[in-house]
Amino acid sequence: MPFKELAYKKVDQLTNRAYFSGSINTIKKLNNKKLLGDNTDGVGLLFDLKRLNFIKKGMHILLVGAGGASSGVIPSLLNYGCRITLTNRTFNKAKILIKRFLSMGDISLLKMEFVNTQKYDLIINATSSSLYGDIPDISYKIFNKKNFCYDMFYSFNNKKTSFLEFAKESGVLACADGIGMLVSQAAFSVKLWYGILPDIRFVLNKIKKIKNI
């Protein structure tokens, strides 16, 4: 779930960001009948982080998780000029993933039990833990009043995800779930299909009203 890496193998052509990501979330049928695969997750996440004022060039980001969600956003974060520390429950999986991006920017690997030895400006949960009400096995010591926290998972009710609850209780400057990323990546998919980038504010306002019901 959600088969982004499998879809990557099924298309005829790839955009550059999809090629480096190793996964796709958008497919466009070209005039020659071939299928073009793209990954708008990274640009969608970056767009939302900018909207929230959660990110600046040169920031140190802790990215938790080494699945398709991480691979989809790493290129955009590195291209923006951020430093990434990647961690994952299964260390060997993270070692395999990181090799793809070493030439793209400042990215390093750290075992989960050692992530509390560094300071981070932004902590991003790219695991599916919040889907099950769980949290990654990381220390509360990584959170402080100077860092931002972002969960790529989202909730349609008015409650925070389990990861954000953990971060908030541990003390962070600000936190947000991935609903803005969801809307933003969809907007960039529309741009690929129709050449127009929709204004995401209308959709976000609609969702906020629904979540407050």
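Two strands pair if DSSP finds at least two bridges between them. The views below come from a predicted model.

View 1. Three bridges pair strand 5 with strand 6, in the parallel sense. Find L86: its bridge partner in strand 6 is L109.

**View 2. Strand 4 is covered on both faces.** H60, L62 and V64 lie on one side. I61 and L63 lie on the other. Five of the five residues of strand 4 are buried, so the strand is largely enclosed by the rest of the structure. Five bridges join strand 4 to strand 5, and the two run parallel. Four bridges join strand 4 to strand 7, again in parallel. I61 stands opposite I84 in strand 5, and its bridge partner in strand 7 is L122.

**View 3. Helix 4 links strand 4 to strand 5.** The chain leaves strand 4, passes through helix 4 and reaches strand 5. This β-α-β crossover is right-handed. Among the buried residues are G68, V73, I74, L77 and L78. G81 follows helix 4, and its phi is positive, near 105°.

**View 4. The largest nonpolar core has 31 residues.** In soluble globular proteins, nonpolar side chains tend to be buried together. Here, the residues with the most contacts inside the core are L49, I55, L77, I124 and Y150. Elements that give two or more residues to this core include helix 3 (41–52), strand 4 (60–64), helix 4 (68–79) and strand 7 (122–125). Helix 4 gives the most, with four residues. Now look at L49. Leaving aside neighbours within four places in sequence, L49 is in contact with F54, I55, L77, L122, I124 and Y150. A second, separate core has 17 residues, including F163, L164, V172 and C175.

**View 5. T26 is buried in strand 2.** Strand 2 spans residues 26–29. The relative accessible area of T26 is 1%, which is under 20%, so T26 counts as buried. The side chain of T26 makes a polar contact of 3.0 Å with that of N25. Another polar contact, of 2.6 Å, joins the side chains of T26 and S189. Leaving aside neighbours within four places in sequence, T26 is also in contact with residues including L36, D38, L192 and W193.

**View 6. S155 sits in a loop.** The loop lies between strand 8 and helix 6 (162–170). Is S155 buried or exposed? At 14% relative accessibility, S155 counts as buried. S155 and V190 are 35 residues apart along the chain. Their C-alpha atoms are separated by 23 Å.

Terms used. Residues numbered from 1 in each chain as written. Predicted model: local features only at pLDDT ≥ 70, side-chain atom pairs only at ≥ 80, totals over all residues. Heavy atoms only, no water. Core = buried A, V, L, I, M, F, W, Y, C linked by side-chain atoms within 4.5 Å. Buried < 20%, exposed > 50% of the residue type's maximum accessible area, 1.4 Å probe, protein only. Contact = heavy atoms within 4.5 Å. Right-handed = clockwise from strand over helix to strand, strands pointing away. Polar contact = N/O pair within 3.5 Å; in protein donor to acceptor, adjacent residues only side chain to side chain.
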